[in-house]
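Subject: Structure handover

Hi,

Here is the structure I promised to pass on. Please have it open while you read my notes.

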Amino acid sequence: MATRVLQSVGNGLKQTRSGRPINRHATVLIRSLSASNNRPSEDSWFKSLFVRKVDPRKDAHSHLLAKKEESNLYKIQFHNVKPECLDAYNKLCEAVLPSVHADPHYPCELVGTWNTWYGEQDQAVHLWRYRGGYPALTDVMNKLRQNKEFVDYRKERGKMLLSRRNQLLLEFSFWNEPVPRAGPNIYELRSYQLRPGTMIEWGNYWARAIEFRQQNSEAVGGFFSQIGDLYMVHHLWAYKDLQSREDTRNAAWQHDGWDEVVYYTVPLIQHMESRIIIPMKCSPLK
């Protein structure tokens with residue numbers, strides 16, 4: 001409609017310059033546009049053709065969805081390892097990462113470390129927690145640069161990797177904090193790329209949905225990205241085996257309300273991925 005209006009006005013102006021009379025419709029449009037310039041900008045009819053009004057939010061979604069009582073920041077790392085180097089990579093991680101986790105000099109904890117079993121192959125996934133948020137992360141990074149063992153570890157690790165990426169995450173307020181867990185377990189990392197602007201809606205639905213997924217203590221942790229791929233959500237689940245996973249997921253459909261949650265959250269997703277991951281020997285989540 002806006003294009004047709006502007007074309008009509010433009011044709012009318014051209015006719016005026018050439019000395020030919022313009023039609024009555026174009027005259028009305030020109031007068032309407034001129035009059036609108038004299039009104040307050042927020043009431044301008046012309047402006048309303050192009051400006052979309054959006055209700056402002058009072059706070060960032062990170063403040064609305066994250067835990068208020070904690071200032072934890074999480075980092076998830078995805079390392080794609082050369083297939084022939086996977087065993088050596090695992091041994092290197094098992095020799096170095098627990099020492100960083102156990103040293104009180106570093107305000108960080110290794111939540112879990114895994115190899116992907118089903119999903120992207122020859123991949124390692126590491127999840128770290130920094131108690132104290134961004135200052136803790138900066139403190140750890142600065143200290144590790146002075147740690148010769150860790151510097152050597154990174155150099156050796158670099159020879160074994162095809163690629164790597166990471167994200168900084170916050171945890172949803174309605175999920176439990178991930179804590180060490182006895183095994184053996186398999187874990188599922190379900191990652192959702194949401195449509196921009198839908199994080200609050202996702203959180204509102206999952207605050208209810210998590211109640212349906214606590215029967216077998218399968219819920220480990222829920223996170224959303226702050227830096228890296230944005231509008232990314234990660235749900236981490238624990239199961240005894242693949243059949244237990246299947247049975248647990250099917251049982252959720254027996255709860256009134258689960259079907260509604262699925263119905264309303266699926267349209268919020270742009271892309272989703274499931275990984276079945278197996279803990280390394282040094283993982284606190286066994």
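Below are some notes on the fold, the cysteines and the largest pocket.

This is a predicted model, with local features needing pLDDT of at least 70 and side-chain atom pairs counting only at pLDDT 80 or more, while totals for chains, interfaces and linings use all residues. Residues are numbered from 1 along each chain as its sequence is written, and side-chain values use heavy atoms, leaving out hydrogens and water.

The chain has 10 helices and 8 strands (DSSP runs, H or I of at least four residues and E of at least two, numbered from the N terminus). Of its 286 residues, 44% are buried (under 20% relative accessible area with a 1.4 Å probe, protein chains only).

On the cysteines, a search of the whole structure gives 0 disulfides (pairs of cysteine sulfur atoms within 2.5 Å). The sulfur of Cys-93 has its closest cysteine sulfur in Cys-282, 6.8 Å away, which is too far for a bond. Cys-93 is buried at 0% relative accessibility, and Cys-282 is buried too, at 16%.

The largest pocket holds about 400 Å³ of space (a pocket is an open set of points on a 1 Å grid over the protein atoms alone, where a 1.4 Å probe fits, with protein on both sides within 12 Å along at least five of seven lines; lining residues have an atom within 4 Å of a point). Its lining has 23 residues, with Lys-75, Gln-77, Met-141, Phe-150 and Arg-154 nearest the centre. H7 provides the largest share of that lining, 5 residues.

Best wishes

How values were computed:
Buried < 20%, exposed > 50% of the residue type's maximum accessible area, 1.4 Å probe, protein only. Points joined across faces, edges and corners; volume = space filled by probe spheres on them.
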